[in-house]
Amino acid sequence: MLTILRRIYHYLNPLQHIGETKYSYAFPLIVTSLTALILQLIFVFIVRDIKAVGLYAIIIFLGLIVYFAFREGKKGGFITVALTTLYYIYLTYALHYSGDHLISAIDTLVTLAILYLILAGVIGWLKEVIDKLVEQEVDEKRRLQAIIEQLPVGVLVTDDKGRVVQGNKRLDLILGIKIPLGFLLGRDTLQNDPTNEYQLTPATSPLLRSLANGKTVLRREYEYIRNDKKKLFLEISSSPIRNRAGKLIAAASIISDVTAQKELELRKDDFVNMASHELKTPITSLKLYVGSLTGHDHEFDDRTMRILRGMKNQTDKLQELVEDLLDVSRIQTGKLQFRKERFRLDMLVKEIVGELSTLSKQEMKIMKAAAVTIYADKFRIYQVMTNLLTNAMKYSPSDRKIIVAVTKNGADAVVSIQDFGIGIPKDQRRKIFERLHQAGDTLPGQTFPGLGMGLYISREIVRRHSGKIWVESILGEGSTFFVSLPYMKT
Ligand code: ADP
């Protein structure tokens with residue numbers, strides 16, 4: 001019974017028909033004709049005074065015209081106006097008006113008909129415009145939903161409060177659970193809560209953070225245990241959505257499952273780790289053998305000695321490479337360890353510059369060397385400085401200088417190494433410190449050997465000493481690398 005009533009209410013309520021662009025002729029036709037008939041019957045047989053119908057008829061038909069124009073558009077309105085006018089004509093005829101009465105009745109009839117027509121026209125037109133707009137919006141939403149469904153990533157859209165308003169099947173597949181529409185992020189919970197601790201507070205949820213501060217969050221990584229107990233790596237980006245006035249109205253998140261890539265990366269890391277460990281022993285032996293041979297130079301002729309020295313050189317390079325690979329593995333697995341001691345940084349820098357300037361084609365100059373003592377792993381700091389200096393040698397022409405300085409800045413000792421070489425493009429200045437990143441050939445036709453491990457290792461070492469490493473550079477004119485480390489006040 002209740003559902004029938006609800007259906008009738010639904011059918012009669014014009015607001016329920018907004019957005020429907022199919023308009024009915026029959027419904028206004030039947031209802032208006034029946035109304036006229038019922039009025040006629042009531043006033044002829046019950047009230048027994050057909051003259052009294054006038055005011056009631058005006059009010060009732062006015063209501064019907066407004067209702068049908070709003071429900072069925074211009075057509076509905078005009079049909080109702082046409083039937084109403086016919087009924088009024090019939091009434092005028094049935095009342096046998098004559099003379100002045102007839103003229104004033106016709107006057108009223110024409111005025112009412114015109115007013116009704118205007119009213120039906122305006123309301124019907126407005127209703128049709130609204131319907132079109134609503135239809136367009138619904139179409140737009142459908143189009144968007146179709147696109148979202150095709151995306152290979154999970155999508156989650158919330159309103160400005162964090163309430164879910166849109167999602168896609170891919171998201172359900174990734175999470176292994178469906179987040180229902182209306183779910184309030186940060187408050188509601190599901191049985192197996194996918195929005196677990198990582199995503200719940202503005203501090204940890206990219207989506208809530210976008211809503212809280214209006215900023216885009218890019219490619220945050222999260223570990224997620226799905227309810228089939230599989231551990232996934234998810235990469236989540238989110239951005240706020242604003243309306244034309246700039247007001248924050250929603251936020252959208254893109255969730256991709258990067259587990260396969262992550263696992264491949266881990267396997268690659270494992271392989272590099274294993275390979276470098278396996279290579280270390282034979283290379284060390286090789287070095288020893290070559291070393292023992294080059295030690296007996298009186299036993300060999302010049303040609304053999306040249307070959308032996310070449311072998312020694314290449315073995316040294318190989319060993320450095322393997323050491324770098326091992327360092328990268330140590331960093332990845334958190335096993336990079338330090339043996340810290342107090343030493344004079346300026347002295348160490350002078351020592352390295354002394355060693356390298358014998359090998360360097362460029363002139364190396366120490367501009368300033370403030371006396372600073374630091375507490376650090378000397379070998380590792382040596383490694384950082386050597387890396388920066390050999391880079392300066394590698395990436396600048398032989399007729400340019402390399403300028404080194406050790407200064408104090410607040411609580412930090414700062415080493416700067418300036419070259420006048422190829423420089424580093426702006427977009428690469430951060431990336432070169434990432435793992436296995438090379439800036440690419442900046443000069444046409446010129447290539448530089450290397451695997452892009454040095455700066456990554458250097459950055460890790462400096463960071464783990466509570467220091468900073470950065471670069472300032474002008475492309476084509478040169479670069480200055482800076483390392484700052486807290487110094488000891490003795
Ligand atoms: P590698 O030199 O073995 O490639 P690094 O990690 O030491 O690895 O350096 C990473 C990248 O940074 C280099 O490939 C190079 O493109 C860029 N780079 C480093 N130092 C300099 C420099 N002094 N001048 C110009 N480019 C540099």
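The model is predicted, so local features require pLDDT of at least 70 and side-chain atom pairs pLDDT 80 or more, whereas totals for chains, interfaces and linings use all residues. Residues are numbered from 1 along each chain as its sequence is written, and side-chain values use heavy atoms, with hydrogens and water left out.

**Ligand shell**

Among the 20 residues around the ligand, those that come nearest are Asn-391, Tyr-395, Asp-419, Gln-438 and Leu-455; a residue is near a molecule if one of its heavy atoms lies within 4 Å of it. By class, the shell holds nine nonpolar, nine polar and two charged residues. In this scheme Ala, Val, Leu, Ile, Met, Phe, Trp, Tyr, Cys and Pro count as nonpolar, Asp, Glu, Lys and Arg as charged, and the others, Gly among them, as polar.

| Residue | Distance from a polar backbone atom to a ligand oxygen atom |
|---|---|
| Gly-454 | 3.3 Å |
| Leu-455 | 2.7 Å |

Taken alone, the ligand exposes 530 Å², of which the protein buries 95%; the areas come from the Shrake-Rupley method with a 1.4 Å probe.

At least two shell residues are supplied by each of α11 (378-394), α12 (454-463) and β12 (478-486). Helices (H or I, at least four residues) and strands (E, at least two) are DSSP runs numbered from the N terminus. The element that gives the most to the shell is α11, with three residues.

**Helix α12**

Because nine of its ten residues are buried, α12 is largely enclosed by the rest of the structure. Buried denotes under 20% relative accessible area, exposed over 50%, and partly exposed the range in between, with a 1.4 Å probe and protein chains only. The buried residues of α12 include Gly-454 and Leu-455, together with Arg-459 and Glu-460. Their cover includes α9 (302-332), α11, β11 (468-474) and β12, where contact means heavy atoms within 4.5 Å.

**Aromatic pairs**

A search of the whole structure finds ten aromatic pairs. Rings of Phe, Tyr and Trp (its six-membered ring) pair if their centres lie within 6.5 Å; planes under 30 degrees apart count as stacked, over 60 as edge-to-face and the rest as tilted. Phe-61 and Tyr-87 form a tilted pair, 5.7 Å centre to centre with 50 degrees between the planes, and both residues are buried. Tyr-87 also forms a stacked pair with Tyr-90, at 6.5 Å centre to centre and 25 degrees between the planes. These two tyrosines, Tyr-87 and Tyr-90, are separated by about one helical turn because they are three residues apart in helix α3 (residues 53-94). Tyr-87 has 7% relative accessibility and therefore counts as buried, whereas Tyr-90, at 41%, counts as partly exposed. Phe-61, Tyr-87 and Tyr-90 belong to one aromatic cluster with Tyr-88 and Tyr-116.

Ser-253 lies in strand β5 (residues 248-257) and, at 3% relative accessibility, counts as buried. Beyond residues up to four places away in sequence, Ser-253 touches Gly-154, Val-155, Leu-156, Leu-207, Ile-236, Ser-237 and Ser-238.

Lys-127, in helix α4 (residues 99-150), is buried with a relative accessible area of 1%. Leaving aside neighbours within four places in sequence, Lys-127 is in contact with His-17, Ile-18, Tyr-23, Ala-69, Phe-70, Arg-71 and Gly-73. The C-alpha atoms of Lys-127 and Ala-69 are separated by 7.5 Å, although these residues are 58 residues apart along the chain.

Note on methods: Polar contact = N/O pair within 3.5 Å; in protein donor to acceptor, adjacent residues only side chain to side chain.
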